[in-house]
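User: I would like to learn how to read cavities and ring contacts in a model. Can you take me through this one?

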Amino acid sequence: MKISYNWLKDYIQLDESPEEVAKILTQTGLEVAGVEEVETVKGGMEGLVLGKVITCEKHPNSNHLSKTTVDIGAGELLNIVCGAPNVAAGQKVVVAPVGTTLYMGDQELTLKRVKIRGEVSEGMICAEDEIGIGTDHEGIIVLPDTVETGSPATEYFNVKSDWVIEIDLTPNRIDGGSQIGVARDLAAFLNKTKPTKYLRIPVDQFKVDNHDLEIPVEIKNPEACPRYSGVTISGVTVKESPGWLKNRLKAIGHAPINNVVDITNYVLFETGQPLHAFDADKISGGKVVVQTLPAGTKFTTLDEVERELHEDDLMICNTETPMCIGGVFGGIKSGVKESTKNVFLESAWFDPVFIRKTARRHGLNTDASFRFERGTDPNGVIYALKRAALLIKEIAGGTISSEIVDVYPRPAEHFKVQVSYKNITRLIGKDLGAETIKNILTSLEIDIENENETGLSLLVPPYRVDVQREADVIEEILRIYGYNNVEIPSLVKSSLQYAKQPDPDQVRNLVAEMLTAQGFNEIWSNSLTRANYYEGLEQYKAEQTVNLLNPLSAELKGMRQTLLFGGLECVAYNANRQNKNLKLYEFGNCYFSKGTEQKENPLKSYREEEHLGLFITGAKSAESWTGEQQSTSFFQLKSIAENILKRMGFVLSMLKVSETQNELFSEGLTYVENNKTVLEMGIVAKKFLKKFEVEQPVYCADFNWEAVMMHRGKHKVEFQELAKFPAVRRDLALLIDKQVKFRQIEELAYKTERKILREVGLFDVYEGQGIPEGKKSYAVSFILRDDLRTLNDKQIDKTIQKLVATFGRELGAELRK
């Protein structure tokens, strides 16, 4: 949100510089993102002067150029070649001498002394679009004869500079979403050191001129619209806004439209109260009806988009048709145009939830909906209406031709809050004193209903939707008093807390460092996801998705059940930007609905699990002259994933490993401990790659991190002395059936020889010439060692023979000759 420093001074007397104001606002909770100097005309017309064309004759070498001499009050005449058809001797014009920089849209042009068709040109006689005051390029600007030659253009065109303060407005601080709201906070802060108040522009002059255009209002849905007010102005002239109004809107980045619409926007940014102006002659039946319409009703908005209404969309209607989506966006037929003569001005208080849902359903985010969905001031409705009506009467003419219609069946009440001095001191950490506390509360327009020795009974105005508890009031006191004014105590009080072991953060960091050292990058994907990702899945059923009651958008309306889809989105995003070689990991929670609602404890209806996801795709390593580039593979992922399990204390031989049944993978492995799945990994199925438009294989590993942490908590690290006796390696070339996996050989080996067998490894796989059909050859290594003595040949041969016999009996393996 942008605040104009000059505009702000209409409501509060400021001696502080824009930078000092920005510092104060940040201290009071309105964090400033930046301060920027702006001008009503880009560049401030620096260097431009008013001149007089002394001579003008045809260019000797061109039919469409003129050769002129121009007096700019510098003593010597400038020779300027001009292409405008309307240039003539005796004219007063705007001149850009050599060295002047002109801003035309996003382009900059610094003028130099040049020759044009053989004639010297020492500047430019300017058109509207060349100096930023319009779009006309048909000819140069011709000024009245009374202007003084040589005077700066900035004075004639009344170019103003301003400072724009950009505030990162948090959702709870919509009270600061206007010029007056910011002035209120500044006044409260400055009032601590000097008497300071902010002032609203008075509207006492408001009066009804006649009753020629009375338009009644009916609210059929008071839940969605607790208050609706309106007034009519007749005989207006819709035209361009005056310079001061356009400059105010331009300074905060808002484009002027016409005087009536600009006034409604001006009052919106001034007060925080959105307004809407209707062409009163387009209100069929002469009545405004606030209601919802049947689902499927068609309505075309100002952007010429036909929208299909939801049954809960609040509409502002006449007796026949809808005119506006209440609090969100106007309709194309009922808005104010140049032909409009009579205006019905709306000022209302809408329910935030209704507005938020409607805006999200239609993908609309307007200045009005931004404020209504966060909560506006119900008691500021009439002030804003009168303020806008007076401005319209002043700028667009006309007469106020009706009483104010104010339908307000249930007035909003102040929030009642009890606050104790003891708790104020306890939470702030300093005794501020009763008078300081009361002065701050009064400056924030929080009324003191009652006071006693222990505390205060307060009435908080309804526009402070975020201040409804004692802690909220104390926060308000502290932010105005100043966080930096609370001294750091010399005595620090703390309590000892038992740290959970193993520390989850330390374990995560340990694994993250392992992965980062291997070239992985950490990603954070959104836990909100498309619910339709899970349609048709068996393992991750659509009915298990935790759906949001009030989603941010139609796409992000469900909580993720797996990290895979967020990882694939990231892979697709990078691959589309020529970054195809990826190693990614993510720690994140997955969410599941149990399908049955637990009314006594709703949280029991849901389940949450932490997972770790790994994703690799593309090339295994960067392209290099040292060797041929290889693609990533399942076995690369398997090695990384198993190393993580080992680091977490798992003994791989103790895990039950099987081919994965996860439908997300075309093939892969599942690791189980005590009937609890610890890890699933594999090649992502092609149908999911196609859905995300990923054209290269992606390998994914999904750790159930809670199961990993459970095992880690039981794992004990024990010291074991280094082996004193040497190990022996023996290799076997086994001829086996194609369906036999190395894992089966490894498990059989450890079961057969438990005492001296230390490692089993696969170092070669061969299928081809000399191998029978349906067979393959595995070259397997066995590391043998006895920790009590040196092994002899007899022991070694006996062990190897026993292994060969077991492989032959259980797997049908033969020694390859």
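User: How much space lies in the largest cavity?

Analyst: Keep in mind that this is a predicted model. About 230 Å³ of space lies in the largest cavity. The search of the whole structure finds three cavities of 30 Å³ or more.

User: Which residues line the largest cavity, and which lie nearest its centre?

Analyst: Start with the lining, then go to the centre. The lining holds 18 residues. Ser178, Thr271, Gly272, Asp377 and Tyr463 lie nearest the centre. Helix H5 (residues 179–190) gives the largest share of the lining, with three residues.

User: How many residues of each class are in that lining?

Analyst: Sort the lining by class. Nine residues are polar, five are charged and four are nonpolar.

User: Now the rings. How many aromatic pairs does the search find?

Analyst: The whole structure has 14 aromatic pairs. Read each pair by two values, centre distance and plane angle. Planes under 30 degrees apart count as stacked, and over 60 as edge-to-face. Take tryptophan 7 and tyrosine 266: their ring centres are 4.7 Å apart and their planes are at 10°, so this pair is stacked.

User: Where in the chain do these two partners sit?

Analyst: Tryptophan 7 is in helix H1 (residues 5–8), and tyrosine 266 is in helix H7 (residues 259–271).

User: Are tryptophan 7 and tyrosine 266 buried or exposed?

Analyst: Check relative accessibility; buried means under 20%. Tryptophan 7 has 0%, so it counts as buried. Tyrosine 266 has 2% and is buried too.

User: What is the geometry of the pair phenylalanine 587 and tryptophan 705?

Analyst: This pair is edge-to-face, because the planes are at 80°. The ring centres lie 5.2 Å apart. Phenylalanine 587 belongs to strand E32 (residues 582–593), and tryptophan 705 to helix H18 (residues 705–714). The partners are 118 residues apart and link distant parts of the chain. Phenylalanine 587 is buried at 13% relative accessibility. Tryptophan 705 is buried at 1%.

User: Which residues form an aromatic cluster?

Analyst: Here, look beyond single pairs. Tyr533, Tyr534, Phe565, Phe688 and Phe692 form one cluster.

User: Which charged residues sit over a ring?

Analyst: Look for a charged end above a ring face. Arginine 577 has its charged end over the ring of tyrosine 573, 3.6 Å from the centre. Lysine 192 lies over the face of phenylalanine 189, at 3.9 Å from the ring centre.

Note on methods:
Residues are numbered from 1 along each chain as its sequence is written. This is a predicted model: local features need pLDDT of at least 70, side-chain atom pairs count only at pLDDT 80 or more; totals for chains, interfaces and linings use all residues. Side-chain values use heavy atoms; hydrogens and water are left out. Rings of Phe, Tyr and Trp (its six-membered ring) pair if their centres lie within 6.5 Å; planes under 30 degrees apart count as stacked, over 60 as edge-to-face and the rest as tilted. Helices (H or I, at least four residues) and strands (E, at least two) are DSSP runs, numbered from the N terminus. Buried means under 20% relative accessible area, exposed over 50%, partly exposed in between (1.4 Å probe, protein chains only). A charge sits over a ring if NZ of Lys or CZ of Arg is within 6 Å of the ring centre and within 35 degrees of the ring normal. On a 1 Å grid over the protein atoms alone, a cavity is a set of points where a 1.4 Å probe fits but cannot get out, and a pocket is an open set with protein on both sides within 12 Å along at least five of seven lines; lining residues have an atom within 4 Å of a point. Grid points are joined across faces, edges and corners, and a volume is the space filled by probe spheres set on the points. Ala, Val, Leu, Ile, Met, Phe, Trp, Tyr, Cys and Pro count as nonpolar, Asp, Glu, Lys and Arg as charged, and the others, Gly among them, as polar.
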